[in-house]
Each structure stands twice: as structure tokens, then as C-alpha cells.
Amino acid sequence: MRTRLISVRCGSLLSGLLLALSATALVAAPQASAATGVAAVGEALKQGPVYVAPGAEAQLSKAQADALAQKIEDAGKPVFVAVLPATAEYPQDKVLGAVRAETGITGLYAIRLGDGFNAGADRAVMPANAVRNLTEAVKTGAPVDADTQLNNFVDQALTQAKGGAPASWGTTGAAEGVPVGGLVALGAVAVIGGGGAYALVRRNRKKKEDIRREAVARLGVVVDEDITAYGEELERLDFHPGEPGADDAMRRDYEQGLDSYEKAKQIMASVQRPEEVTGVTQALEDGRFALATLDARRQGRPLPERRSPCFFDPRHGPSSEDATWAPAGGTARTVPVCTADAVRLRDGLDPAVRTVDTDRGPRPYYDAGPAYGPWAGGYFGGGVLPGLLMGTMLGSMMSSPAYASDFGGAGSGFEGGDASGADFNPSDFGGGDFGGGGGFDGGGFDGGGGF
């Protein structure tokens, strides 16, 4: 009797679930079929990684699309592919960003538009430079068929894209014309596993926030030391705006130095994310140059050239020359150095390197881990830093796709596969153009150029 009762209840539950899903299908199907253009692409890609629009079936067969979709699903990466006809329904200069906005999921998007190709990604999934390089790599040479081009792109992208497949995919195939369902599987996930999926997302985001807080705490110690050292420089300078010989230029330099000091303190007092520390060290570097200029005016010496700070310790002030140096076990490179460190190097001595606390004890900042990237970036700038750090631990971490979104990037907090809606940075989203090759002109959704 008990067994029969359980069976009846289970059967009732299953019947109810199927009825609910049937009702959902009856409601959803007309909406899906009514969607056209970019809206249809977005709806389809929410259900599966590959979409072939009506009018583009000759480009990619259903079997080819299914195989490509299976490859992406097996890898579990947020990579989306659409094959579209070159019609007015899909304008070249807007379709990539529009598809991303309609789909609303953080990821890497590749579109074959007629015979053209382009791709774009959220920075949390892949850096813009990597997207452009992959895009150009599959567009060079003689024209290729869609299956070859898309598989070449996806094979390379899956090894580099960060994040996971969106939960909305469930068990799906390639969409051809309309989204291919998996409604039963999706419904079961929603009814049975929704709570577990939500808990997993919460845990992942909590872990990420814990990492951010730890990074800010580590940075706080170093930056507070920098701010204190700068304040001591102001005191040692002992400049008074009304002192004999002071002129307006000196007073402007001194005012700039004071403003930089206050700006650094204000920014640090409100820092919540590691990348915000860059503004602090930028302010300190501006201030140190102002103080160096003021000192030169007072001493009657030539005004200093605006140079990067000393690589070994930015607290040494602006560099005076470039020197050849190699980290332990690394290759030699040219770095900006202060006068004192230049003398040490010429004498065969070690430079006075800035060390920071790590789990392994005091280490040079460039071998201390990714948290110090924003700190160093404010002093040296994005264009200079990668070359200086080549072959060091920090340099290796900063060159990885994950670094920009985790430390120092302009990420929104969404990871690959997260549903972000239209929350993405259009200036980071885009490749080259929809042509068959060429350089890196056009590109992006920053208001300039085209595809």
C-alpha cells in the first residue's frame, strides 16, 4: 500500500510537471516564432551555443551546426556562434553588439555574416586584443567555408575563454531558425535544481569577493607606506610659498604636490576594488614629479624630464636614466632607474628593490602576485609595464586572460556565462570588420569606425 501511494504521488508530481511544461511551451513557442532578426538570434543563443538563421542554412548544415554546438557544450565555455544572411535585417555596424545585448549573457560571440566574419567578447571572458588576434587569424588568406572558419575560431577560442556555459543552455542542440528546446530539461532544472544552481552562483561570487577583499587589504599596506613616504618628502622639502626667492612657478609646483597628496589620501580612503588603487599611485607619481621640478627651480638646476619612476622602487622618485637589468633567472631588459640605483648596478651591486609581504615572506613586488598589478600600473602605466615585467611572476599573471577581469580590469563583476543583460562595455566588445582580412581598423562599438 505504501509503495503504491508513493508511486501515485510521484506520478502526480511528474504529471503536474509535464502539464506545467506543456503550458510553458504553449506560451513560449508563439513568442519564439514571433521573434525576428536580432531578437530571434538572442532568444536562440540563450538556449544553445549555435544559431543558424533562416536564409543562411546553405552556409552551415544542421549536422555541422549540431557538431559545433556539441563541441562548445562539451568544453563548457560561454562561446556563442551565429550564422546570418547578409541582409538589411542584420546591419554590419551594429549586429555584433545588438546580439550580445539581446542574448544578455557574458561571453565570446562570433558571427558569420554572409561571407564575412567578426567576433567580440566581454573583457571578463577574453581580452580585446586576444579577440582581435583570433578574428584576424581566421580571416586571413583565401576565403573559406563557414564550417571550416567557425571550427578554426572555436577550437582556438575554447582554450582561452574564461568562465562557464550559461545555465540556460541545459540540454540543447544547434538552433536553426528558432530556438531548439530542451524545455523538459530546463523545466526540471528550474523546478528541482534551481535552488542548487543559485547557491552555486552565490558561492562563486562570494569566493571572488573574498579574493578582492584580500587583494585590497594587501594593497592597503603598501599604499599607506607610499603615502606616508610622500608626506615625509613634502616635509623634507621645507618649502614656504612666501620664502625669499619663491616665484609663481615654484608655488604652482608646490600646490600640485599638495593636491596630489590630498588626492591620494582621498582615493585610498574609499577604495573598494583593487583596480581603484591605480588612481592613488598615479596621483603620487604626479606629485613626485612636481616636487622634483620645484626642487630643481630652487637649486637653479635644469628642470627634470618627465620620466617613469625608478623601476626598483617608485618611492625613489623619477628615474634619471635607463639601465640594463635581469631578474633572477630571467632575461635582461631595459628599465628606468634613479641615480642611486644606476650607480649600484654599475658597481655590480643589487639595486634597492621594493619588497612587500607575501605568504612566502618579503618578496620584490614584481614577484609577489597579481594583487600588486594595479599598484604598479598607476606608477608605470599600461603601455610601459608589460615590457618591464616580462619574465617575472607579476608579468606572467598580468598577461593571462583572467587577470584583467580579476585585478585591475574594468570588469562589471560578471563572469563568463553570467546573465548580465545589456550590462557590458561596448568599447571592449568587437573585433576587426566583417571583411575577409586586413588590419585592425574599424572595430569596436565605441562610436567610431565600423566592422
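This is a short tour of a predicted model, stop by stop, with what to select at each one.

**The whole chain**

Start with everything shown as cartoon. The chain holds 14 helices and 9 strands. Colour by burial next: of the 451 residues, 43% are buried. Now turn to contacts between residues at least 6 apart in sequence. Of these, 67% join residues at least 24 apart.

**Stop 1: R354 and its partners**

R354 sits in the loop between α10 (339-346) and β8 (355-356). Its relative accessible area is 1%, so R354 is buried.

A salt bridge joins the side chains of D226 and R354, with 2.7 Å from N to O. D226 belongs to helix α7 (residues 183-237), and the pair links distant parts of the chain, 128 residues apart. Is D226 buried or exposed? D226 is buried, as is R354.

Now turn to D313. D313 also forms a salt bridge with R354, and here the closest N and O atoms are 3.8 Å apart. D313 lies in the loop between α9 (277-299) and β6 (321-325), so this pair ties together parts 41 residues apart in sequence. D313 has 5% relative accessibility and counts as buried.

Which residues belong to the network of salt bridges that share partners? E225, D226, D313, R315 and R354 are joined into one. Across the model, the count of salt bridges is 22.

**Stop 2: a pair within α10**

Select R344 and D341. Their salt bridge has its closest N and O atoms 2.6 Å apart. Both residues are in helix α10, 3 residues apart, so about one helical turn separates them. R344 is partly exposed, with a relative accessible area of 28%. D341 is buried, at 0%.

**Stop 3**

Go back to α7 and move on to D238. This residue lies in the loop between α7 and α8 (248-269). Check its backbone: D238 is not a glycine, yet its phi is positive, about 50°. Most residues other than glycine have a negative phi. D238 is partly exposed, at 47% relative accessibility.

**Stop 4**

Select L84, L108 and F153. In the largest nonpolar core, which has 48 residues, these three touch the most other members.

Keep L84 and show what surrounds it. What does L84 contact beyond its neighbours within four places in sequence? The list is V41, Y51, A53, A56, Y90, V95, I111, R112, L113 and G114.

Then select M250, V277, L294 and C338. They are among the residues of a second, separate core of 42 residues.

**Stop 5: T87 and G114**

G114 was one of the contacts of L84. Select it again, this time with T87. T87 is in the loop between β2 (79-84) and α4 (95-103). The C-alpha atoms of T87 and G114 are 8.3 Å apart, while the residues are 27 apart in sequence. T87 is partly exposed, with a relative accessible area of 38%.

**Stop 6: α9 against α11**

Select α9 and helix α11 (residues 373-380). The two helices pack at about 35°, with axes 7 Å apart. Their crossing is right-handed.

Show side chains on both faces. From α9 come V277, T278, T281, Q282, L284, E285 and R288. From α11 they meet P374, W375, G377, G378 and Y379. V277 is also a member of the second core. How many residues of this contact are nonpolar, polar and charged? The contact divides into 5 nonpolar, 5 polar and 2 charged.

**Last stop: α11 and its end**

How values were computed:
Residues are numbered from 1 along each chain as its sequence is written. This is a predicted model: local features need pLDDT of at least 70, side-chain atom pairs count only at pLDDT 80 or more; totals for chains, interfaces and linings use all residues. Side-chain values use heavy atoms; hydrogens and water are left out. A salt bridge is a side-chain nitrogen of Lys or Arg within 4 Å of a carboxyl oxygen of Asp or Glu. Helices (H or I, at least four residues) and strands (E, at least two) are DSSP runs, numbered from the N terminus. Buried means under 20% relative accessible area, exposed over 50%, partly exposed in between (1.4 Å probe, protein chains only). A nonpolar core is a set of buried Ala, Val, Leu, Ile, Met, Phe, Trp, Tyr and Cys residues joined through side-chain atoms within 4.5 Å. Contact means heavy atoms within 4.5 Å. Axes are lines fitted to C-alpha atoms, for helices over the stretch in contact, and angles run from 0 to 180 degrees between N-to-C directions. A crossing is left-handed if the near helix is turned anticlockwise from the far one by less than a right angle, and right-handed if clockwise. Ala, Val, Leu, Ile, Met, Phe, Trp, Tyr, Cys and Pro count as nonpolar, Asp, Glu, Lys and Arg as charged, and the others, Gly among them, as polar.
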